[in-house]
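Work through the exercises below with the sequence and the structure open beside you, and try each task before you read its solution.

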Amino acid sequence: LALADRWIFSRLVTVTRELNDALANFRFHEAASVIYHFFWHEFCDWYLEWLKPEITAAQEGEVSPAARAAWTNLTRVFEASLHLLHPFMPFITEELWHRLPGADANASISLAPFAVTSERMADSVSEKQFTTIQDMIVLARNAKAETGAQKQKPSAQVASEDLRILELLRAHQETIQRLAGLNAIPFMRGRLPSDPAVRVGSGIELRLLLEQSVAHGADKARLSKEKESLERQMAQVKKQLDDQNFLSRAPREVVRGAERRFAELSEHLTKVLDSLSKLN
């Protein structure tokens, strides 16, 4: 199985377990939330988007082994999702289930055996790898949004000190470029030079390679908003620390926490001001 398939089947095992547990203990809201999040955000937002090239190729008549596997696994996950959704959406899931390949016209989804997945499909390693790729794509999308480059396909420089992360990203570079809307991704091991344009993720550093004027203007706007937010937070904490009633009545540990918070905000503000100074 490809990484996306291993990830979605592993998630399906976890979601099935969580939903069954919630229903057994009458936590119906939790059960509905679990299957909603899986179907909408993981199956639709990520899995379907990941498989689009193979799905499209099959629809256009190119039935390659990859396209056949994509449709087979997609159908299996969709059928499992219908079973999990059935207690909450009985009528539409019944209708859709009867439209699946090989469906028995005289049967009902509510009585059909649910044996689409097994515990052996649980794969925490693949889930972690897929999450790393998701983080990379989201980091790039956010960087494009912050710089007003949503409609562009810029290149991006990506660095990590973890060789395993770089190998994973290189192995799925084409998919990352498509889902993140990037033109090219030169990878490097180590750290990127200190720069306001560098975005930091989980073990990943990314910098969009935009025109200098566009990048600087967007970074300046982003840092200015961050400066205003930090100043507001510092003013609130300082007001608290200047309040003698708070200092005399609050537990010492709470006061120390406020002092640490003020120091952290102050340090962060210093870095933001330094970055703004360099841009100016």
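Predicted model: local features only at pLDDT ≥ 70, side-chain atom pairs only at ≥ 80, totals over all residues.

**Exercise 1. Describe the overall form of the protein, starting from its secondary structure and ending with its surface.**

Solution. Begin with the elements: the protein has 10 helices and four strands, and from the N terminus on they follow the order α-α-α-α-α-β-α-α-β-β-β-α-α-α. Next, compare the radius of gyration, 25 Å, with the 19 Å that the globule rule gives for 280 residues; the value is well over the rule, so the protein is more spread out than a compact globule. The C-alpha trace, followed along its principal axes, spans about 75 × 50 × 30 Å.

**Exercise 2. Find which elements build the largest nonpolar core, and examine one of its members.**

Solution. The largest nonpolar core holds 53 residues, and those touching the most other members are Tyr47, Ile133, Met136, Val158, Leu169, Leu182 and Leu206. Two or more residues come from each of α1, α2, α3, α5, β1, α6 (163–171), α7 (173–180) and β4 (205–209), while α2 gives the largest share, 12 residues. Now take Leu182 and set aside residues up to four places away in sequence: its contacts are then Met136, Ala140, Lys144, Lys153, Pro154, Ala156, Gln177 and Leu208. Apart from this core lies another, of 13 residues, among them Val237, Leu269, Val272 and Leu276.

**Exercise 3. Decide whether Thr147 and Phe26 are buried or exposed, and describe the setting of each.**

Solution. Start with Thr147, which is placed in the loop between α5 (124–146) and β1 (155–160). Its relative accessible area is 9%, and because buried means under 20%, Thr147 is buried. The side chain of Thr147 also reaches the backbone oxygen of Ala143, at 2.8 Å. Phe26, by contrast, lies in the loop between α1 (3–24) and α2 (28–59), and it has 63% relative accessibility, so it counts as exposed. The last step concerns the backbone: most residues other than glycine have a negative phi, yet Phe26, which is not a glycine, has a positive phi of about 60°.

**Exercise 4. Check the length of helix α3 against its expected span.**

Solution. Helix α3 (residues 65–85) has 21 residues, and from its first C-alpha to its last it reaches 30 Å, which is close to the 30 Å expected at 1.5 Å a residue. The buried residues of α3 include Ala67, Ala70, Asn73, Leu74 and Val77.

Conventions
Residues numbered from 1 in each chain as written. Heavy atoms only, no water. Expected span 1.5 Å × (residues − 1). Buried < 20%, exposed > 50% of the residue type's maximum accessible area, 1.4 Å probe, protein only. Polar contact = N/O pair within 3.5 Å; in protein donor to acceptor, adjacent residues only side chain to side chain. Core = buried A, V, L, I, M, F, W, Y, C linked by side-chain atoms within 4.5 Å. Contact = heavy atoms within 4.5 Å. Rg over C-alpha atoms; globule rule 2.2 N^0.38 Å.
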